[in-house]
Amino acid sequence: VGQLACGLLYICEGARYPTSQRVMFGNANPQMIRSFLFLLRRHFPVDEKKFRARVTHRWDQDGEALRQFWADVTEIPLTQFYAPYADRRTKGKPTQRADYHGVCCVVYPSTTLQYQLQAIGESMLSYREQVGGTSNPVSNRNLVQESPAHYEAISRVEFSENQESVE
């Protein structure tokens, strides 16, 4: 189930192949970033030293303080963060929300992992069409009975220990 949740998060908020050829997941919500990384670390073989992150923030915010904030959220060392990027489009426009910490984008250099996350997410999004369901939950009662087998089949997706990396 953890791989399914991770794949769904990725297909919703991650960069897709061929536009990107590595795992890239970005969001302004710390809980989204924290949840994605928790699932990724727990359910997929990853090398912590390969993680990178970048913070994009509003012009009037302190980029270094935000890097520290996101390093705490992601548990990725500051040494693995790229320099923060201040969005020039926001120059002269003060930040309205005191709790806005910019956008954190987590990067992991593996096309193989990216393919797997995309495949899981896309298969889950297309599941309704595969079983002839509709968007009406009352008429989708058969999905509840069929879903566990589908989840089990997807969770058995093979993941090579010798995954390819794109540096």
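Residues are numbered from 1 along each chain as its sequence is written, and side-chain values use heavy atoms, with hydrogens and water left out.

**View 1. The whole fold.** The protein has five helices and four strands, in the order α-β-α-β-α-β-β-α-α from the N terminus on. These elements are DSSP runs numbered from the N terminus: helices are H or I with at least four residues, strands are E with at least two. Of the 167 residues, 40% are buried; here buried means under 20% relative accessible area, exposed means over 50%, and partly exposed is in between (1.4 Å probe, protein chains only). Take the contacts (heavy atoms within 4.5 Å) with a separation of 6 or more: residues 24 or more positions apart account for 78% of them. The protein exposes about 9700 Å², with carbon and sulfur atoms supplying 53% of it; areas come from the Shrake-Rupley method with a 1.4 Å probe, and for residues only the protein chains shown count as cover.

View 2. Mean pLDDT (the predictor's confidence in each residue, from 0 to 100) is 82, and 76% of the residues reach 70 or more. Over residues 137–167 the pLDDT is below 50, though this stretch still has 46 contacts in the model beyond near neighbours in sequence. Where pLDDT is low, the predicted coordinates should not be read in detail.

View 3. H1 (2–13) has twelve residues and reaches 16 Å from its first C-alpha to its last, close to the 16 Å expected at 1.5 Å a residue. The expected span is 1.5 Å times one less than the number of residues. Buried residues of H1 are Gly2, Gln3, Leu4, Cys6, Gly7, Leu9, Tyr10 and Ile11. Gln3 has a relative accessible area of 15%, so it counts as buried. A polar atom of its side chain lies 3.1 Å from the backbone oxygen of His43. That is a polar contact: a pair of N or O atoms within 3.5 Å, where within protein one must be able to donate a hydrogen and the other to accept it, and residues adjacent in sequence count only if both atoms are side-chain atoms.

**View 4. Ser20 in its loop.** Ser20 is in the loop between H1 and S1, yet it is buried, at 6% relative accessible area. A polar atom of its side chain lies 3.0 Å from the backbone oxygen of Arg22. Leaving aside neighbours within four places in sequence, Ser20 is in contact with Ala15 and Gln114.

**View 5. Helix H2 and its cap.** Asn29 caps the N-terminal end, with a side-chain oxygen 2.8 Å from the backbone nitrogen of Gln31. Pro30, Ile33, Phe36, Leu37, Leu39 and Leu40 are the buried residues to look for in H2.

**View 6. Helix H3, one face in.** In H3 (residues 63–74), Gly63, Leu66, Arg67, Trp70, Ala71, Val73 and Thr74 are buried. Seen down the axis of H3, they fall within an arc of 160° and so line one face of the helix; the arc is that of the directions from the helix axis to the C-beta atoms. An α-helix has 3.6 residues a turn, so residues three or four places apart point the same way. The buried residues of H3 pack against S1 (23–27), H2 (30–43), S2 (52–58) and S4 (103–108).

**View 7. The two ends of H3.** At the N-terminal end Asp62 is the cap, with a side-chain oxygen 3.1 Å from the backbone nitrogen of Glu64. Following H3 comes Glu75, in the loop between H3 and S3 (85–87). Glu75 has a positive phi of about 60° although it is not a glycine, and it is exposed, at 62% relative accessible area.

Key. Predicted model: local features only at pLDDT ≥ 70, side-chain atom pairs only at ≥ 80, totals over all residues.
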